Amino acid sequence: MEDRTRQEQAGPAVQKRIRDSFDLQGLMSHLGARLTHIGPGRVHIVLPARPEVTQQHGYVHAGATSAIADSAGGYAALTLFDEDSEVLTVEYKINLLAPASGDHLEAIGTVLKPGRTLTVCQSEVYGVQADGARKLVANGQQTLIRVNRPAA
């Protein structure tokens, strides 16, 4: 397992821009997700496991798992663009590898190939137990497009 204390942090302006944008996402707020790491080309999002995000068997729903994977990749890409840019997902694919269970899920979005217009990211989602044990429950890949921030 990687040492998270050694992960590079994004600069304060980038962190603020990412957090401000994340705070505007109604779905992330509704799910109870939170940002836990913002680095250049890498973002972590944690989703606490609770009854409101589960499916009928008690596992975290694939929709919630996919949503945090998509957002982690999108924000990872956004860390590499200037303040006048936004990103939108063009497409993504996710593989659900195991039932999503644990104390919480952690989605890690990482930029694989940055570009001026299109950026490709990968996402990994781990089920994390209260004792810190981790299991990969989903992985995916997405393509994002850089767009100009709408005028205020």
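Predicted model: local features only at pLDDT ≥ 70, side-chain atom pairs only at ≥ 80, totals over all residues.
Student: What makes the pair glutamine 7 and histidine 37 a polar contact?
Tutor: The cut-off for a pair of N or O atoms is within 3.5 Å. The side chains of glutamine 7 and histidine 37 are joined at 3.4 Å, so they meet that cut-off.

Student: How do you know that β2 and β4 pair?
Tutor: Two strands pair if there are at least two bridges between them. Seven bridges join β2 (residues 42-48) to β4 (residues 104-113), so the two strands count as paired. They run antiparallel. Among the residues involved, isoleucine 45 has alanine 107 in β4 as its bridge partner.

Student: What is the order of the strands in the open sheet?
Tutor: Six strands form the sheet, in the order β1-β2-β4-β5-β6-β3, with antiparallel pairing.

Student: Why do β1 and β3 stand at the edges?
Tutor: β1 (34-39) and β3 (85-96) each have a single partner strand, so one side of each is left without a neighbour in the sheet. Neighbouring strands of this sheet are turned by 20° against each other on average, with direction ignored.

Student: Which strands does helix α1 lie across?
Tutor: Helix α1 (residues 12-23) lies across β1, β2 and β3, and runs at about 155° to β1.

How values were computed
Residues numbered from 1 in each chain as written. Heavy atoms only, no water. Helix = DSSP H or I, 4+ residues; strand = E, 2+ residues; numbered from the N terminus. Axes fitted to C-alpha atoms, helices over the stretch in contact; angles between N-to-C directions. Contact = heavy atoms within 4.5 Å. Polar contact = N/O pair within 3.5 Å; in protein donor to acceptor, adjacent residues only side chain to side chain.
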